[in-house]
Amino acid sequence: MTADRVTADRATADRVTADRVTADRVASSAQRRLWILDRLYPGCAAYVIPVVYRIEGDLDAEALGHALSDVVRRHEVLRTGYRMVRGALRQTVRPAGPVPIPVVDVAAHRSPGEEAERLAAAEALRPFDLSAGEVIRALLVRTAPGRHLLCLSLHHIACDGWSLRVLEDELAACYRSRLAGSPGDLPPLPEQYGDFAEWQQARLADPALRPVRDHWREHLAGIPAPATIRTDRPRPAVWSFAGGHVRFRIGPEVAERVRLLARAAATTPYTVLLAAFALLVREHGAPGPDVVIGTPVAGRSRESHYRLIGLFQNTVVQRIRVPDRTTFRDLVRLTREESRNAIVNQALPFDALVEELNPARDPGLNPVFQLMFSHEEDEPGGPALPGCAVRRTFGDTRTAKVDLTLGVARDGPGYTGRLEYSTDLFTAATARRIAERFGVLLENATSAPFRVMGSVE
């Protein structure tokens, strides 16, 4: 390709970007829901994604700042503001500019580590102004020579779990370029998040989606409300999002049995872990033999979505029947079939599903499901910064989106578990018992998967 052609292509790309800055575009279904929640609960940190990167090595803070600005310039959703126009949520891309990374040096503090953790905790709780296009911010805390905490917070309206991996990969690539004295040189994106939002809205109007709508309406007919477990306290009239969490470990031996059972059942560790959670829910007082659990899916159905940052993640609702007397192996089979059906019919966004089902609205109740499960088989990562060792952790927003959310992530040969719970409904002691019980149940079920389990009533 000639230099003139490259210059012409870049000029065209710049002109397109400039045109898009002033254009109002439709928001996605999930973005509309998060906007409404942000209006109803101003200042709530429930949908802030606080990521903390612990960095050891020779970090160039200036190059890191330029690299982050390169990524934000590349992805319009990271500089997009939101406003209502005649009853519809519209998104407007802001002009690209430098993204500041303030640096706070706490090396001289009497307890640098504790002070850094305090600053990181405060960052996790800071709200965003979505109208102004504030959806990402960063803070770099220096605790000692060659040791930093990068606190990177994003609003869920512009990011999901897949997006974090895209952001980390591109941040590392741009950082390497900046160290070499040149701007980030990544291949052009085939589209932007706004294109996905418009494609999604057109897809929702397509009559071909009617079979998917019919499936969910029939499959979820008659589910209990609330579909949850026994709580310590009465449900509040209005959901407060106040929450806490309990962390726990699943050792290598049990984790290996999970993987072996998944292989034998022609399924994945996700299915085995979800089946164990369903058994736990039934054991703790689910209203009937059917356990209703929401689970996240990537929601990226086209190859052009894979390289984009944005809120593509969808939530599918799984209705898992847990018979009174069954083997865990059979329960895994039932869960496998339920999960496959959910994936096949995932094209309907959760917000459109709620409209389709039209459940009775209760301000103290998440619609359709009150329990969630997530699983991450990839080990915790972080951007690969030259000359640095980086480890990713997540901050604590002290919130809970539903009654209980159980997350299980691969961590070396074992798993790390995190049980997020509503402090309006459960005590910390109850949450610890539930987490401990999950570990015991999983160990027992995977050690004897063909043993008939007794009634869970």
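Colleague: Which residues is Phe 438 in contact with, leaving aside its neighbours within four places in sequence?

Modeller: Contact means heavy atoms within 4.5 Å. In this predicted model, local features need pLDDT of at least 70 and side-chain atom pairs pLDDT 80 or more, while totals for chains, interfaces and linings use all residues. Residues are numbered from 1 along each chain as its sequence is written, and side-chain values use heavy atoms, without hydrogens and water. With those neighbours set aside, Phe 438 touches Phe 248, Ile 250, Leu 273, Ala 276, Phe 277, Leu 280, Leu 406 and Val 408.

Colleague: At what angle do helix α9 and helix α12 pack?

Modeller: Helices are DSSP runs of H or I, at least four residues, and strands are runs of E, at least two, numbered from the N terminus. Axes are lines fitted to C-alpha atoms, for helices over the stretch in contact, and angles run from 0 to 180 degrees between N-to-C directions. Here α9 (residues 269-283) and α12 (residues 428-447) pack at about 120 degrees, their axes 10 Å apart. Residues making this contact include Leu 273 and Phe 277 of α9, and Phe 438 and Leu 441 of α12.

Colleague: Where is Phe 241 found, and is Phe 241 buried or exposed?

Modeller: Buried means under 20% relative accessible area, exposed over 50%, partly exposed in between (1.4 Å probe, protein chains only). Phe 241 is in the loop between α7 and β8, and at 6% relative accessibility it counts as buried.

Colleague: What is the phi of Phe 241?

Modeller: Most residues other than glycine have a negative phi, and most peptide bonds are trans. Phe 241, not a glycine, has a positive phi of about 70 degrees. A cis peptide bond, with omega about 0 degrees, joins Ala 225 and Pro 226.
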